[in-house]
Amino acid sequence: MRICVLSSCSSGNCTLIESGESRILLDAGLPWSRTSARLQSIGVDPLSIDAVVISHEHSDHVAGVGPVARKLRCPVYVNAKTLACAATRFQKIDGNQIKLIESGKPFDIEDLQITPFPVPHDAANPFGFVIKANGTKVGIATDLGYATKVVKHALAGCDALVLETNHDRRMLLDGPYPWSLKQRIASRHGHLSNEQSADLLSELIHDDLAAVFLCHLSEENNTKELALEAAIEVLDEAERRDITLEMTYRECPSAVVAID
């Protein structure tokens, strides 16, 4: 499989997952014009996308789903509660394109097998995903307040991980946000801090883990340097500096990483 995070931030999220037979977008938080441009910038024909998979209804994950789905005329996989909460985003999509999914029930898109799992986040029914193809397993968990046993079980044994590193705790506490928003972000239904993400990574490292993407960095409450420092410390302790560590961005796609 190949993975590229086209955008990851509080204003727009979208990730490309590509296998030998299929290409999907995980979330559609960007306008079609930016989605198309970013795909072209990494050598991917935008019209070759086979499906869109939605994690939850927050605007930074679904703002572009209508235009993207109409342009691609492809299936959009989403759970019923998320669909209901984001109804206005989906209302101009042909109903035949909408495919309902459920937690714990795998579904296939060509050679990709995708299994949604629940994550603790302040949304109606938010999902993380495990994606498998040709013996390779990728785990994605980018909006969650803490790593539950279910999350850890789902992500165990992955060849690549796409993990949230949203905020530095000190920057969040000392930053400009109102106290209510700080509490929400730091809550068990908010977002992972660098430290929480590093703790999760330390539990998930195994001999075949090849790549880790650091995602959903807050522009106000984190820095790339702090997120990398926390992750690198874990890799150093595990003596696994051979693992590819990829930072993701708001303004441009990440590197494209191939996982065998």
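Trainee: Contact here means heavy atoms within 4.5 Å, so which residues is Leu 201 in contact with, leaving aside its neighbours within four places in sequence?
Mentor: Keep in mind first that we are looking at a predicted model. With those sequence neighbours left aside, Leu 201 touches Leu 161, Leu 163, Leu 209, Val 212, Ala 231, Val 234 and Leu 235.

Trainee: And the largest nonpolar core, how many residues has it got?
Mentor: That core has 29 residues, and Leu 201 is among those with the most contacts inside it, together with Phe 117, Val 151, Leu 155, Leu 161, Leu 200 and Leu 209.

Trainee: Which helices and strands each supply at least two of its residues?
Mentor: Helix H6 (149–155), helix H9 (194–204) and helix H10 (224–237) do, and so do strand S11 (160–164) and strand S12 (211–215). The largest share is that of H10, which supplies five residues of this core.

Trainee: OK, how do H9 and H10 lie across the strands, then?
Mentor: H9 lies across S11 and S12, and its direction makes an angle of about 160° with S11. H10, in turn, lies across S12 and S13, at about 165° to S13.

Trainee: Let's do the sheet. In what order do its seven strands come?
Mentor: The order is S7-S8-S9-S10-S11-S12-S13, in an open sheet with mixed pairing. At the edges are strand S7 (107–109) and strand S13 (244–247), each of which pairs on one side only. On average, and with direction ignored, neighbouring strands are turned by 20° against each other.

Trainee: S12 and S13: parallel or antiparallel?
Mentor: They run parallel, joined by four bridges, and in this pairing Phe 213 stands opposite Glu 246 of S13.

Trainee: What about S9, is it buried or exposed for the most part?
Mentor: Strand S9 (residues 127–133) is largely enclosed by the rest of the structure, because six of its seven residues are buried. Six bridges join S9 to strand S8 (residues 112–118), with the two strands running antiparallel, and one example is Thr 115, whose bridge partner in S9 is Val 130.

Trainee: And how many bridges does S9 have with S10?
Mentor: There are five between S9 and strand S10 (residues 136–141), and that pair is antiparallel; Lys 132, for instance, has Lys 137 in S10 as its bridge partner. S9 and S10 form a hairpin with two residues between them, and Asn 134, in the turn, has a positive phi of about 50°.

Trainee: Switching to aromatics, how many aromatic pairs turn up in the whole structure?
Mentor: The search finds two. In one of them, the ring centres of Tyr 77 and Phe 107 are 4.8 Å apart and the planes are at 15°, so that pair is stacked.

Trainee: Which strands does that pair tie together?
Mentor: Tyr 77 is in strand S5 (residues 76–78) and Phe 107 is in strand S7, so the pair ties together parts that are 30 residues apart in sequence. Both Tyr 77 and Phe 107 are buried.

Trainee: Stacked or edge-to-face for Phe 127 and Phe 129?
Mentor: Phe 127 and Phe 129 are edge-to-face, with 6.2 Å from centre to centre and 90° between the planes. Phe 127 and Phe 129 are both buried as well.

Trainee: You mentioned S2, so is Thr 15 buried or exposed?
Mentor: Thr 15, which lies in S2, has a relative accessible area of 9% and is therefore buried, the cut-off for buried being under 20%. Leaving aside its neighbours within four places in sequence, Thr 15 is in contact with Ile 3, Cys 4, Val 5, Leu 6, Ile 24, Leu 25 and Leu 26.

How values were computed
Residues are numbered from 1 along each chain as its sequence is written. This is a predicted model: local features need pLDDT of at least 70, side-chain atom pairs count only at pLDDT 80 or more; totals for chains, interfaces and linings use all residues. Side-chain values use heavy atoms; hydrogens and water are left out. A nonpolar core is a set of buried Ala, Val, Leu, Ile, Met, Phe, Trp, Tyr and Cys residues joined through side-chain atoms within 4.5 Å. Buried means under 20% relative accessible area, exposed over 50%, partly exposed in between (1.4 Å probe, protein chains only). Contact means heavy atoms within 4.5 Å. Two strands pair if DSSP finds at least two bridges between them. Axes are lines fitted to C-alpha atoms, for helices over the stretch in contact, and angles run from 0 to 180 degrees between N-to-C directions. Rings of Phe, Tyr and Trp (its six-membered ring) pair if their centres lie within 6.5 Å; planes under 30 degrees apart count as stacked, over 60 as edge-to-face and the rest as tilted.
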